[in-house]
Amino acid sequence: MKRVKSVVVAALAVLVAAAYILPATPAGAEVSSSALSIAPKKQYAVEAGQTIEDKLSIRNMDNTSSLYLSMRVIDFTFDETQDEGVAKLFLDEKAEKTPWSLRSFLDVPKTVVIGPGESKAVDIKLAIPKNQGAGSLYSAIVYSSGSGSVDSDGNPTGATSNVGLSASGVTLVFANIPGKVHEDLQLQKLGPFDKSTKKFMPYINTAMPQSIGYSLKNSGNWAEAPVGSIMVNGWFGRKIQIDNINPTKGLVLIGQTRTFSSCLKYDEKEVANKQSNAPPATCVDPGLWPGYYKVTANLFYGVNGNVTQETSLTAGFWYLPWWFIVLCIVVAGALFYYGRKAYIKVRTALYGPKAGKKRPSRRS
């Protein structure tokens, strides 16, 4: 049983990671987890003292069996071992509330039964107290499948202890309370980024960088979605500008240091595909010339009603492919060889063939 639970936790973490980097979900947008189809993210702008009632659409993708679900609200934070927005769920029922918790303000049904192939709109309620200060609050709704048994009222039983991987998922819920908030977002790192390893590349690279990465730290009390541009300047006036540095509107959570990356050049087929709602994501070789490149990032953030703030950083890197290094060595060797021959030829013409040679000393 412990092994099953650990597998479930891992599966939930993966689902949250995928949902966390997505923008606010439009009405009707859903993701599927085997038999379960849910909205990965809900986002609200709500005043202190206001109550919002909403519907949460849940669909049973299995056309043969009913779906027995339990629902509960838990807190989450970011995974400190990851930089790219991976969330960490607090699944323990005794876990303490986080400073940004919505657990006390978000009301969801404990159980729900959905027939084969059917959808159900579940009522949820978000009530923010009058004394709540401005800032971002967030928690997660966790869905777990039950054993299939129901009580006298038709509600599923045993759902909490009997968790099925075929029907589990998470909806992240964000509530932004407007007002005067404390915002502090700082650029901490900037440079060429390897998306395959999810790491920054070194200062000198023999492989051509395809993307630029930047790390942001949020020391405020508002989950920020940065916007802005990155300019890459090379030799001979060559420039590459990245305008949309956060196309998915990914958030930097409170207290989090998160790394984003943007391609220097996207796949032209993805860019030309106007039917896809998803932004291009595949990087291709940008055609960089060997040499030194200066990278400048200018990012903006801010909440409506607050002053828009800017954070910037400048860095640089060298792109020196092996063929260029070998060519430089060959050219340097040729210059040395022919330069030395020219020097000897000129010296001989001026001073004779024995010029510069040391005469042997006479013995007494």
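K249 is exposed, with a relative accessible area of 55% (buried is under 20%, exposed over 50% and partly exposed in between, using a 1.4 Å probe and protein chains only). This is a predicted model, in which local features need pLDDT of at least 70 and side-chain atom pairs count only at pLDDT 80 or more, while totals for chains, interfaces and linings use all residues. Residues are numbered from 1 along each chain as its sequence is written, and side-chain values use heavy atoms, with hydrogens and water left out.

**Loops with positive phi**

- K249 lies in the loop between β20 and β21, where strands are DSSP runs of E with at least two residues and helices are runs of H or I with at least four, numbered from the N terminus.
- The phi of K249 is near 55°, a positive value in a residue other than glycine.
- F236 sits in the loop between β19 and β20, and its phi is also positive, near 60°.
- At 76% relative accessibility, F236 counts as exposed.
- For context, most residues other than glycine have a negative phi.

**The antiparallel sheet**

- An open sheet of 4 strands runs in the order β16-β15-β18-β21, with antiparallel pairing (two strands pair if DSSP finds at least two bridges between them).
- Its edge strands are β16 (199-200) and β21 (257-263), each pairing on one side only.
- Strand β18 (residues 211-218) pairs with β21 over 7 bridges, and L216 stands opposite R258 in β21.

**The mixed sheet**

- Here 5 strands form an open sheet in the order β17-β23-β22-β19-β20, and the pairing is mixed.
- β17 (204-205) and β20 (239-242) each have a single partner strand, so one side of each is left without a neighbour in the sheet.
- Strands β19 (residues 227-233) and β22 (residues 291-301) are antiparallel partners over 7 bridges, with S229 opposite N298 in β22.

**Helix α3**

- L327 is found in helix α3 (residues 322-351) and is partly exposed, with a relative accessible area of 43%.
- At 1.5 Å a residue, the 30 residues of α3 should span 44 Å, and its end C-alpha atoms are 43 Å apart, which agrees (the expected span is 1.5 Å times one less than the number of residues).
- After α3 comes G352, whose phi is positive, near 95°.
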